[in-house]
Amino acid sequence: MIIGRDHAATSEYRISNMSVLSRVSSMPLRGFLHLGCAFATTMLMIGAGGVGITSAKAQNGLGAPNSSAALLAELASNTSSFADKAALGEALYFDTNLSKNRTQACASCHEPTTGFRDPRSEIAHGAYSLGDDGASLGDRNAPMAAYAKFAPDFHFKEDGTPVGGQFWDGRAKDLAEQAGGPPLNPVEMGMPDKATVVARLQEDEDYVESFKSLFGDDVWSDTDRAYAAMTDAIAAFERTDQFAPFDSKYDRFLRGEYKMTPQEELGRVLFFSQQFTNCNVCHQLKSSPTAEGETFTNYEYHNIGVPRNVAVRLENAKDPDFTDNGLLDNPAIDDPAHKGKYKTPSLRNVAVTGPYMHNGVFSDLRTVIKFYNKYNSRAKSAQLNPETKQPWGDAEVPETISLKELEQGDALDTKRIDALVAFLKTLTDARYEPLLAEQEEVAARAKKK
């Protein structure tokens, strides 16, 4: 058992906030094994093994153990493969051994308990992610991994419009290709090449057997094939319902299980309005505003005039004049007209996944709404960033801004801005609603000071 992935099997527990004992009592045998022998021993000593483990063994078609010692022996000798690609992908997703210094996994920047975003908000104010080397910082805010499975493969529409793909610039065609990027990125997981990653995988006997079982006995004979199998498994995990439960207040509202507050309802009407706002121009996929399964993005690319994150870049010794080319960094794009454009992100869990924009320049969701409003309001106050009390700042790439889309709709007053924020909070998955409550408590304390 490689320590780097010992916690992988508990991700569902951590997501659902179930108690450890109740999780163990219903856990399949292999999942129990993944908790680590020391933990398994402790659970048996305090009596957690009894009915639960016997039941788990029955689920796996195994006979009931005669004693705790017998069970431990069987656990230690169990080398069966993962049940499927998604189960294997879950272990890989949390495995820090896939980084150069064994300190970083996919979950380091896309943690399930914080909305599949980077939880290390103390680093660069959450704008950029720290790499495996403990020093390198990326230039873009880590996008949320939840609901990513719904992005279509990167392609061009009949009119030539680029759409879909993964990463802010769509350079990865699909989830599997995206999963293969970070391990080899020198400022992320830092592995020098695919062969080194595959060698790390082969250090774990469970992986060796599982890859053979799921991808063929000869999967290890070719480095590219083994690496592709790894990314395929991670993608399979990211396609599970854990990443896209569709159980927010908004989803429950559509099913008649929740009644919106007057403020939330006003925000919903404004959001989907063809007249009063421009929100749904880019953030609506379905043809009907009441269609279930809405991801709140059309997966197209736009430059909305976001300013450079000068303050955070200076604070972290990064070039404040750096210009991110956005979509133009995608190898499939060579037209300068796409410079500075980024994929429209999903608004699912947006209220708990700040900071915002491709460079994390805004900390508060209300600031984001106000930033959009600056295009339609002539008020002097609308031209100031409420977080800095200074003008918004020049666009990083001023020549390709999507003014046609941004200037649709009317100027928003405070009531409508607050309503839109309230509605966006209803897009929070049920398991992250406690994070909203924490935000409100922090805001309340701040007002008292």
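# Contacts, pockets and loops in a predicted model

Me: Leaving aside its neighbours within four places in sequence, which residues is Asn359 in contact with?
Reply: In this predicted model, local features need pLDDT of at least 70, side-chain atom pairs count only at pLDDT 80 or more, and totals for chains, interfaces and linings use all residues. Residues are numbered from 1 along each chain as its sequence is written, and side-chain values use heavy atoms, with hydrogens and water left out. Contact means heavy atoms within 4.5 Å. Leaving aside those neighbours, the contacts of Asn359 are Ala127, Tyr128, Asn141, Val306, Pro307, Arg308, Asn309 and Glu396.

Me: Does Asn359 count as buried or exposed?
Reply: Asn359 sits in the loop between strand E4 (342-343) and H17; helices (H or I, at least four residues) and strands (E, at least two) are DSSP runs numbered from the N terminus. Buried means under 20% relative accessible area, exposed over 50%, and partly exposed in between, with a 1.4 Å probe and protein chains only. Because its relative accessibility is 3%, Asn359 counts as buried.

Me: How many Å from a polar atom of the side chain of Asn359 is the backbone oxygen of Pro307?
Reply: Pro307 is also one of the contacts of Asn359. The backbone oxygen of Pro307 and a polar atom of the Asn359 side chain have a separation of 3.0 Å.

Me: What volume does the largest cavity have?
Reply: On a 1 Å grid over the protein atoms alone, a cavity is a set of points where a 1.4 Å probe fits but cannot get out, and lining residues have an atom within 4 Å of a point. Grid points are joined across faces, edges and corners, and a volume is the space filled by probe spheres set on the points. Searching the whole structure gives one cavity of 30 Å³ or more. The volume of the largest cavity is about 50 Å³.

Me: How many charged residues are in the lining of the largest cavity?
Reply: That lining includes Asn359 again, along with Tyr128, Arg308, Asn309 and Glu396. Ala, Val, Leu, Ile, Met, Phe, Trp, Tyr, Cys and Pro count as nonpolar, Asp, Glu, Lys and Arg as charged, and the others, Gly among them, as polar. The lining of the largest cavity has two nonpolar residues and three polar ones, and its charged residues number five.

Me: Which element gives the most to the lining of the second largest pocket?
Reply: A pocket is an open set of points with protein on both sides within 12 Å along at least five of seven lines. The second largest pocket holds about 1,200 Å³ of space, and the elements giving two or more residues to its lining are H14, helix H17 (365-373), H19 and helix H20 (433-448). With ten residues, the element that gives the most is H20.

Me: Which residues lie nearest the centre of the second largest pocket?
Reply: By class, the lining has twelve nonpolar, eleven polar and twelve charged residues. Out of 35 lining residues, those nearest the centre are Ala351, Asp364, Lys425, Gln439 and Glu440.

Me: Which helices do the buried residues of H14 pack against?
Reply: Helix H14 spans residues 262-272, and its buried residues are Glu264, Gly267, Arg268, Leu270, Phe271 and Phe272. These pack against helix H13 (249-254), helix H15 (279-282) and helix H19 (414-425).

Me: What distance separates the C-alpha atoms of Lys415 and Gln263?
Reply: Lys415 belongs to helix H19, and it counts as exposed because its relative accessibility is 61%. Lys415 and Gln263 are 152 residues apart along the chain, yet their C-alpha atoms are separated by 8.7 Å.

Me: Which residue does a cis peptide bond join to Gly354?
Reply: Most residues other than glycine have a negative phi, and most peptide bonds are trans. The cis bond here has an omega of about 5°.

Me: What is phi of Asn349 near?
Reply: Asn349 is found in the loop between E4 and H17. Asn349 is buried because its relative accessible area is 0%. Its phi is positive in a residue other than glycine, near 60°.

Methods: A polar contact is a pair of N or O atoms within 3.5 Å; within protein, one must be able to donate a hydrogen and the other to accept it, and residues adjacent in sequence count only if both atoms are side-chain atoms.
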